[in-house]
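Hello,

Here is the structure I promised to pass on. Please look it over first; my notes follow below it.

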Amino acid sequence: MIKTVGLSKRFGELTAVDGLDIEINEGDIFGFIGPNGAGKTTTIKMLATLVRPTDGYAEVCGYNVIKHVDDVKRVIGYMPDFFGVYDDMKVWEYLDFFAMAYKIDPGRRPRIIDDVLELTDLMVKKNDYVEALSRGMKQRLCLAKTLVHDPKVLLLDEPASGLDPRARIEMRELLSELRRMGKTILISSHILTELSDFCNTIGIIEQGKLLVSGPVEEIMKQLHGARVIEIKVKSDADGAAAALEGHELVERVELEGETIRAYVDFDLEDTSPLMEHLVSSGVRVSSFAELEVDLEDIFMRITKGAVQ
Ligand SMILES: Nc1ncnc2c1ncn2[C@@H]1O[C@H](COP(=O)(O)OP(=O)(O)OP(=O)(O)O)[C@@H](O)[C@H]1O
Ligand SMILES: [Mg+2]
């Protein structure tokens with residue numbers, strides 16, 4: 001649905017986006033992660049046909065972003081990082097305005113407006129003025145606006161920035177709903193917890209360069225090569241570590257105080273034999289759990305060193 005080859009953008013001396021190769025398939029939720037100034041917004045704007053690439057190639061749904069601007073605009077819903085709302089306009093008028101811009105038949109517009117208001121939970125605000133909405137509501141309205149023409153691909157530039165925790169969760173639920181509807185979504189953020197559990201693929205960008213991209217699972221595997229089980233014991237951690245070291249499923253053991261980390265093969269599904277082994281070796285286990293490897297961890301590992 002989205003493909004870029006060597007996509008680049010220079011602003012004078014500065015290379016904001018540097019030879020990006022990205023591929024996003026239908027139904028993917030691609031988390032586009034990077035620190036401030038990494039080039040996320042510039043990339044998204046190029047995909048949305050708003051910034052002309054200096055070099056390279058990009059297509060959305062098979063349409064070239066330079067040659068087929070109108071086709072690209074038809075298939076994308078773009079939510080910018082900063083967006084204006086117009087004064088003296090009611091919520092439904094705002095949506096009607098965009099529906100009109102997308103040349104949607106006047107007869108079909110009321111129904112579509114109700115649908116997107118329902119989806120974004122803004123029906124009660126239908127007749128309110130846009131400027132009177134709270135920030136979170138404006139954000140949802142902006143998302144509603146990107147949906148009026150039923151785009152296949154959503155380009156969302158930090159849709160949850162500036163929202164309180166509750167509004168963030170609501171935004172996440174809304175995005176999950178869009179995912180269930182089969183949309184392909186590219187979502188940028190530098191708040192990693194916002195994207196974990198939600199994206200199936202990610203790309204990490206820093207100083208205009210894509211450091212890594214692909215399915216979250218694969219990236220974790222690449223980085224870790226192993227799953228980590230964290231075990232806490234009541235006593236004799238040394239004995240427990242020794243018992244684990246001899247086990248065929250365990251690749252490596254680390255001991256830190258009363259906490260033991262056992263590294264097992266990434267593809268190992270069932271870790272219960274290890275627990276049984278410990279118990280039958282007389283170890284008094286107080287906790288046994290797999291360490292969650294989250295996006296934060298991946299991000300810190302990958303961007304380490306390159307940040308200077
Ligand atoms: N119109 C422009 N003219 C000159 N430089 C620009 C322009 N737009 C962006 N840049 C520069 O390009 C680089 C990338 O900016 P971009 O906005 O794409 O980063 P970002 O990853 O979206 O950052 P943030 O997380 O802060 O939103 C920055 O150094 C920025 O100053
Ligand atoms: Mg940005």
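Start with one pair: glutamate 256 stands opposite threonine 259 in β13. Strands β12 (residues 250–256) and β13 (residues 259–265) pair in the antiparallel sense over six bridges. Two strands count as paired if DSSP finds at least two bridges between them. Helices (H or I, at least four residues) and strands (E, at least two) are DSSP runs, numbered from the N terminus. Two residues lie between the strands of this hairpin, and glycine 257 there takes a positive phi near 60°.

Some ground rules. This is a predicted model, in which local features need pLDDT of at least 70, side-chain atom pairs count only at pLDDT 80 or more, and totals for chains, interfaces and linings use all residues. Residues are numbered from 1 along each chain as its sequence is written, while chains are lettered from A and ligands numbered from 1 in the order in which they are written.

The sheet

β11 and β14 pair in the antiparallel sense over five bridges. Isoleucine 229 stands opposite glutamate 290 in β14.

Contact means C-beta atoms, placed from the backbone, within 7 Å.

In α8 (residues 237–245), Ala240, Ala243 and Leu244 are buried. They cover an arc of only 95° around the axis, which puts them on the same side of α8. The arc is that of the directions from the helix axis to the C-beta atoms. Buried means 20 or more other C-beta atoms within 10 Å of a residue's own, exposed means 12 or fewer, and partly exposed lies in between, with C-beta atoms placed from the backbone.

In α4 (residues 109–119), the buried residues are Ile113, Val116 and Leu117. They fall within an arc of 105° seen down the axis, so they line one face of α4. These buried residues pack against α3 (91–101) and α5 (135–147). The face turned away carries the exposed Arg111 and Glu118.

The ligand

Around ligand 1 there are 13 residues, of which Phe11, Ala16, Lys40, Thr41 and Thr42 come nearest. A residue is near if its C-beta atom, placed from the backbone, lies within 6 Å. β2 (14–24) and α1 (40–47) each give two or more residues to this shell. The largest share, three residues, comes from α1.

Best wishes

Technical notes
Two residues are in contact if their C-beta atoms, placed from the backbone, lie within 7 Å.
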